[in-house]
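Take a look at the model below. Then read on for a short tour of its parts.

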Amino acid sequence: MNLHLKVWRQKDAKSAGKLADIEARNIPEDASFLEMLDIVNDDLTGKGEEPIAFDHDCREGICGTCSLSINGVPHGPSETTTCQLYMRKFKDGETIHVEPFRAKTFPVVRDLIVDRSAFDRIQQAGGFITARTGSAQDANCLPVPKVAADAAMEAAACIGCGACVAACPNASAMLFVGAKVSHLALLPQGQAERTSRALKMVRTMDEEGFGNCSNYLECEAVCPADIPASVIARLNREYTVAAVKDGVA
Amino acid sequence: MSAVLDSKIPSGPLSQKWEKHKFESKLINPANRRKYEIIVVGSGLAGASAAASLGEMGYKVKCFCYQDSPRRAHSIAAQGGINAAKNYQNDGDSVQRLFYDTIKGGDFRSREANVYRLAEVSAAIIDQCVAQGVPFAREYGGLLANRSFGGAQVSRTFYARGQTGQQLLLGAYSALNRQIAEKTVEMFPRTEMLDVVLVDGHAKGIVVRDMVTGAITSHAADAVLLCTGGYGNVFYLSTNAKGCNVTASWRAYKRGALFANPCYTQIHPTCIPVAGDYQSKLTLMSESLRNDGRVWVPKKKGDNRKPHEIPDAERDYYLERKYPSFGNLAPRDISSRSAKEACDDGRGVGPGGLGVFLDFADAIKRLGEPTVRERYGNLFDMYHQITGENAYQQPMRIYPAVHYTMGGLWVDYDLMSNIPGLFVLGEANFSDHGANRLGASALMQGLADGYFVLPYTIGNYLAPQIGKRPTTDREEFKRTEADVRARTNRLLGIKGKRTVDHFHRELGRIMWDYCGMARSEKSLQRALAQIPPLREEFWKNVNVPGEGEALNVSLEKAGRVADFLEFGELLCLDAFERRESCGGHFREEFQYPDGEAKRDDSNFQHVAAWGFNGEGAKPTRNVEPLVFEEVHPSVRSYK
């Protein structure tokens with residue numbers, strides 16, 4: 001199949017960017033979206049032009065590296081991530097817009113690559129349980145009800161790709177933060193730091209410039225890891241209780 | 001130049017070596033630890049766990065990774081689980097049994113003392129991960145659940161859905177994050193190590209390239225840890241992430257580190273078959289599927305009927321037929337080779353006849369579709385996205401693919417290479433899996449090395465090194481930096497006609513065709529004849545557009561492929577010189593009449609550790625004999 005691509009090209013963070021017209025020719029429909037870009041890049045390189053820079057790594061939907069807004073939707077029409085999107089979902093001759101994840105907190109590095117290090121800084125603020133190596137008791141000393149363990153796993157499945165932020169009109173990171181706060185708050189091991197974790201992560205999220213949640217739920221719709229929006233409700237509860245406790249103390 | 005390989009295995013009975021060694025190892029007092037700087041390259045299970053643990057102890061750590069965040073290292077893609085000798089299922093497991101299964105699974109080509117230690121610390125890993133909040137699967141009573149894996153007859157595998165690697169890595173990442181916040185660890189994402197710096201023969205730093213700005217800089221340290229994973233991408237198509245590479249290990253090799261057993265590569269039996277030339281990677285379907293799926297091919301050659309039209313009597317469930325006691329759970333090397341035999345025999349299925357069926361019809365009949373969906377739903381979904389086929393209604397098609405590499409840089413019992421101060425952890429070293437790794441043991445090894453081995457053993461090297469850290473003003477740093485710059489400029493200056501990927505694909509084809517699942521003297525000679533001219537053409541005709549002082553994806557790839565083009569030759573040379581079959585290394589000349597691998601213990605019961613002798617010179621094959629005090633190497637039988 002042949003496709004008309006409109007691809008965001010931008011030399012670096014300081015330069016202005018623009019949509020460039022690029023033709024993708026002879027694309028097999030069993031190729032993945034990223035393999036389609038590989039073919040286009042081979043073509044561009046052959047012509048002495050610089051290939052389109054895009055982030056990708058595992059290409060099996062788990063590392064969270066690949067991004068791309070395809071026709072305005074983070075990860076496009078994929079059920080999960082961009083790397084798991086196959087060209088059979090598109091029609092021959094179609095025009096496809098390919099842009100980076102858009103958010104002020106994710107500045108463009110080059111072309112389709114953005115800087116998501118704000119996510120790491122939020123995790124550093126409190127997304128952990130303090131468990132020094134070697135200090136743990138036997139794992140079965142602390143039974144965890146299956147229901148709680150399963151709910152924690154559901155939240156822990158977040159791959160940190162940032163699609164939730166890119167999809168949100170407010171560029172809110174509450175699905176991302178809610179996922180980690182929920183994962184650890186649901187487990188008995190996470191209780192000791194429950195209050196400080198919620199406070200620190202939310203405050204860092206605000207300092208980084210992510211917006212608030214106003215219940216559009218676009219985040220849940222695009223999330224490749226199926227993180228439910230209920231983690232946002234839990235985050236609100238956790239934060240409210242933590243802020244009250246913090247105020248009292 | 002041949003080297004003396006002292007593995008420094010402690011004396012005494014096998015079960016007491018580690019305790020004894022820990023007691024005899026040198027300690028660094030807490031007030032002195034902050035005077036040491038340690039470089040960790042890589043942030044996967046081994047790197048993140050080591051960096052976090054060393055930071056907690058009070059060392060100053062710098063951690064580097066090529067990904068945009070340490071959370072994305074390829075350990076994250078491990079699906080099935082992690083082994084540990086907990087015996088929670090009361091089914092006869094023990095440290096001794098996990099040790100024996102691992103040694104036997106590795107076809108008696110791993111180091112006994114290292115494997116025993118791995119089994120010993122395995123239980124503590126599960127405790128550590130649970131304390132961090134890793135949400136392992138649980139039973140209704142709240143206790144941890146287990147499943148079975150290939151090569152074992154006990155249930156000792158802990159898992160978190162089909163995403164165990166992800167959850168373990170995020171656990172280690174969270175511990176690492178805590179140390180970054182405490183400022184004991186400084187993190188350098190999107191930074192690639194391009195060389196190691198030796199000062200007076202000791203590893204005292206690295207040269208790196210900032211992948212965003214292109215700046216090339218040096219970092220000095222008291223010790224350097226390489227936790228940089230495996231080299232499966234030398235085959236171009238593998239289950240590795242696109243960025244996985246051999247560069248850190250290869251640069252260390254060219255500075256004098258020995259490369260051990262590079263020919264030990266693991267071909268995983270259950271991957272989605274190749275669909276076309278454009279394909280960029282292969283996707284694994286977890287081995288756990290073999291708990292309920294049945295592997296078969298038609299009995300008749302060239303049988304093109306649809307799978308459901310082939311009656312049971314005309315199907316060959318070849319693993320169940322050949323290995324009745326392990327059946328579909330035979331180890332990976334054996335399962336892969338059996339699939340290849342069936343396809344070579346003209347009984348393969350799907351496009352090109354390169355595939356076998358993995359059939360869930362019986363499991364669905366026995367358990368019902370909802371149960372199968374609960375156990376494997378995410379894998380069935382992934383299979384559907386990639387192939388467009390519904391595996392609830394028709395069998396999956398699978399074929400073996402390169403997955404893991406058991407070979408790696410040579411290390412002693414302290415995980416230190418033959419270069420003092422250079423340590424190697426996780427998949428990047430060679431010591432624990434012999435010629436074949438069992439399922440769910442990679443995660444165990446990565447975390448064992450990082451959490452529970454290296455933090456104890458590094459003291460032996462560091463104690464006498466206090467105050468000896470050089471600065472990057474030294475001549476050795478300037479010279480190494482200049483080497484890196486020259487190489488980068490050379491790649492950019494070729495301006496040839498072919499893309500980097502062209503050369504990578506071509507190398508991958510040679511490696512897979514001549515040094516893949518089966519190897520022979522003839523095929524290896526062919527590979528060894530074809531790789532040097534390809535490498536020569538690369539350096540004359542590769543096209544690397546763009547500039548060095550900017551984000552340049554082609555340049556990154558070119559540097560890695562240039563190293564693969566050298567390393568591939570060493571891998572084939574090692575395969576050529578190892579005139580026996582063992583584990584994942586199958587030489588067609590050495591097999592029993594029934595097709596099983598035929599080891600040659602009298603001539604090859606050793607580690608081959610290759611030493612660099614300069615460009616164009618033949619490397620030296622050093623030998624470390626494998627001494628078995630506890631187990632008696634036998635013919636591996638899974639029948």
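Predicted model: local features only at pLDDT ≥ 70, side-chain atom pairs only at ≥ 80, totals over all residues.

## Chain A at a glance

Chain A has eight helices and seven strands. Residues are numbered from 1 along each chain as its sequence is written, while chains are lettered from A and ligands numbered from 1 in the order in which they are written.

The C-alpha trace of chain A spans about 65 × 40 × 35 Å along its principal axes. Of its 249 residues, 55% count as buried (20 or more other C-beta atoms within 10 Å of the residue's own, with C-beta atoms placed from the backbone). Now consider contacts, meaning residue pairs whose C-beta atoms, placed from the backbone, lie within 7 Å. Among the contacts in chain A with a separation of 6 or more, 70% join residues 24 or more positions apart.

## Two domains

Chain A splits into domain 1 (3-110) and domain 2 (116-248). The bounds come from an automatic or database domain assignment. Taken over C-alpha atoms, the domain centres are 30 Å apart. Each domain of chain A gives 16 residues to the contact. On the domain 1 side, six are nonpolar, eight polar and two charged. Nonpolar means Ala, Val, Leu, Ile, Met, Phe, Trp, Tyr, Cys or Pro; charged means Asp, Glu, Lys or Arg; the others, Gly among them, are polar.

## A helix pair in chain A

Two packed helices are described by the angle between their axes and the distance between the axes. Axes are lines fitted to C-alpha atoms, for helices over the stretch in contact, and angles run from 0 to 180 degrees between N-to-C directions.

In chain A, helix α3 (residues 146-156) and helix α5 (residues 174-185) cross at roughly 155 degrees, and their axes come within 8 Å. α3(A) and α5(A) are therefore roughly antiparallel (over 145 degrees; under 35 is roughly parallel). A:A152, A:A155 and A:A156 of α3(A) meet A:A179, A:S182 and A:H183 of α5(A). Four of these residues are nonpolar, two are polar and none is charged.

## A helix pair in chain B

In chain B, helix α3 (residues 45-57) packs against helix α6 (residues 164-181) at about 30 degrees, with the axes 8 Å apart. α3(B) and α6(B) are therefore roughly parallel.

How values were computed:
Contact = placed C-beta atoms within 7 Å. Helix = DSSP H or I, 4+ residues; strand = E, 2+ residues; numbered from the N terminus. Parallel < 35°, antiparallel > 145°, perpendicular 65-115°, else oblique. Buried ≥ 20, exposed ≤ 12 C-beta atoms within 10 Å, placed from the backbone.
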